[in-house]
Number of protein chains: 2
Amino acid sequence: MIESLRQHIAHRLGREPENIQQVLSHFEEIATKRGDHLLQAGDVCHYVYFVVEGCLQVYVMDKNGNESTREFYIEDQWVTDIFGFQHQSPSTEFIKCAEPSKLLRIHFNSFQTLSQQVPQFAAIYKQILEVSYTNTVYRVNTLMALDALDRIKWLMEHKPKIMSRLSSKLIASYLGISPETMTRLKAKL
Amino acid sequence: MIESLRQHIAHRLGREPENIQQVLSHFEEIATKRGDHLLQAGDVCHYVYFVVEGCLQVYVMDKNGNESTREFYIEDQWVTDIFGFQHQSPSTEFIKCAEPSKLLRIHFNSFQTLSQQVPQFAAIYKQILEVSYTNTVYRVNTLMALDALDRIKWLMEHKPKIMSRLSSKLIASYLGISPETMTRLKAKL
DNA sequence: TTTGCGCATTGATCTAGATCAAGACTTTAC
DNA sequence: GTAAAGTCTTGATCTAGATCAATGCGCAAA
C-alpha cells in the first residue's frame, strides 16, 4: 500500500529521493467502507489523504439538504479541505468515501514538519497545489459557461473513469443537476 | 508604482528580503485603459500581472457569446491564466481591464529564473497559489450550493469592494445570472 | 452642445431544469 | 432468501431565471 505512495513520489520528482523513508514513515494506512465519512462540515480537518484505491467525494450541503459535489478523487490523488486544514479551522465541506477505499493519511503536524524539513516534500506539495488550482479553475469555467448536456459531455471526455465508476446520482450532484435530469439527458447523447 | 510591489512582498514575507532589488528589476510597469485586453483566448499568456491600481476581469466566452467571469482582481492581487502560463500553451480565458489600471508584469522567462534562484520568490508564489486555490474552491461551492439571491448576498458580504466598484452587468456575469435578473433581485435585498 | 452608445430598468413571455409521484430494478443487510 | 433501502426511469407539473422588447438615462466623443 505504502508502495503506491513511494512510486507516486518518485514519479512526481522524476527520481526517488534519498530521504523517502523519512517521508513515508509519517503516513498511516486506513481502509474504509463505502459511505464512511472522513470529515464532517464543522469539524477540523486534521489530515491530508492520499488515495491508494477507491474514490472520495468532497461535497457541501445546500440549504435544502442536497449534496453538491465539488470534486471526486481517485487513485493517486491527494485530498483535503485545503483551507480548513491549513488554518486548522472548522471545515465547510464533507469528505465521504464513494467506494470502499484504501488510503494513506498524514497528520497536520507531520505535514508541517515535512514541509519545513524536506524540500522534496515541499516541492511535491507545490505541484499538487498547481494541479489542484488549475483543475478548480476549469471546474468554475465549465460550471458557468456550459449547459447541463455539455457538462455531461465534458465529463465523459475529461474524466471517463469518474463517469463510468460512479452512480448517476453522484455524477448528477457533481454536475449540478438533478438525478431525473441526468437520466433524461443521457438519453440524448 | 514599483513601491507598492515592494511593500506587498515585504508584507507577505514578514520582512524585506536582501535581494528584493533583484526581484523588482524583473517587473515592467504598464498602464491600461478600461476595456483593454491583456490576453485573448487562444493566445499564449506570457505574463503574470500584479495589480497596483484598477481591476482586471478574467472570463470565458460561452457558445452564445456571453461572458462568464471567473474572477475579478483588484489592488495587491496577482493575475494570470495559470495553466496556459505554466505550460506556455494557448489560453481558454480572456483577461480584460474592468477599470483603467496600473499594473506590473513579469515575463515567463523571468518568472522561471526567479522561481529557481530566489527562494523568497518561490515562497511568495506558493502563498499566492494557496490563496488562489482556496478562493476558487469557495467559488465552486457558492456557485453550486447557493441560488442567485444568496450568491448576491455572499458577494456583498465577502467582496464588498467588487460589489460597489463594478457595473451591475459585470457583477451579473460573475454571479452567473443575467443583468435583468440582477436588477430584479437587487430590489429584494 | 449634440449625438450616440452602453447600461439599467420594467414588463411580457419562454424554457431548462427542478420537483413531485409512482413503478421497476438492484443492492445491501440480516 | 427475503426484507428493506436505495437507485433508475418515466410522466406530469412547476418555477427560477433567461430572453426579448421598449424606454429612459448617463456619459464619452466630436
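I began with the contact (heavy atoms within 4.5 Å), which takes 32 residues from chain B and 32 residues from chain A. I was working on a predicted model, where local features need pLDDT of at least 70, side-chain atom pairs count only at pLDDT 80 or more, and totals for chains, interfaces and linings use all residues. Residues are numbered from 1 along each chain as written, chains are lettered from A and ligands numbered from 1 in the order written, and side-chain values use heavy atoms, with hydrogens and water left out.

Next I looked up the buried area (accessible area, 1.4 Å probe, that two parts lose on being put together, summed over both). Chain B and chain A bury about 3,100 Å², with 68% of it on carbon and sulfur atoms. On the chain B side, Tyr133(B), Val140(B) and Met144(B) lose the most area to chain A, together 22% of what that side buries.

Then I checked salt bridges (a side-chain nitrogen of Lys or Arg within 4 Å of a carboxyl oxygen of Asp or Glu), and found four between chain B and chain A. Lys63(A) pairs this way with Asp147(B), their closest N and O atoms being 3.2 Å apart.

Last, I turned to DNA strand D. I found 15 residues around DNA strand D (a heavy atom within 4 Å), and Arg184(A), Ala148(B), Ser178(B), Thr181(B) and Arg184(B) are the closest.
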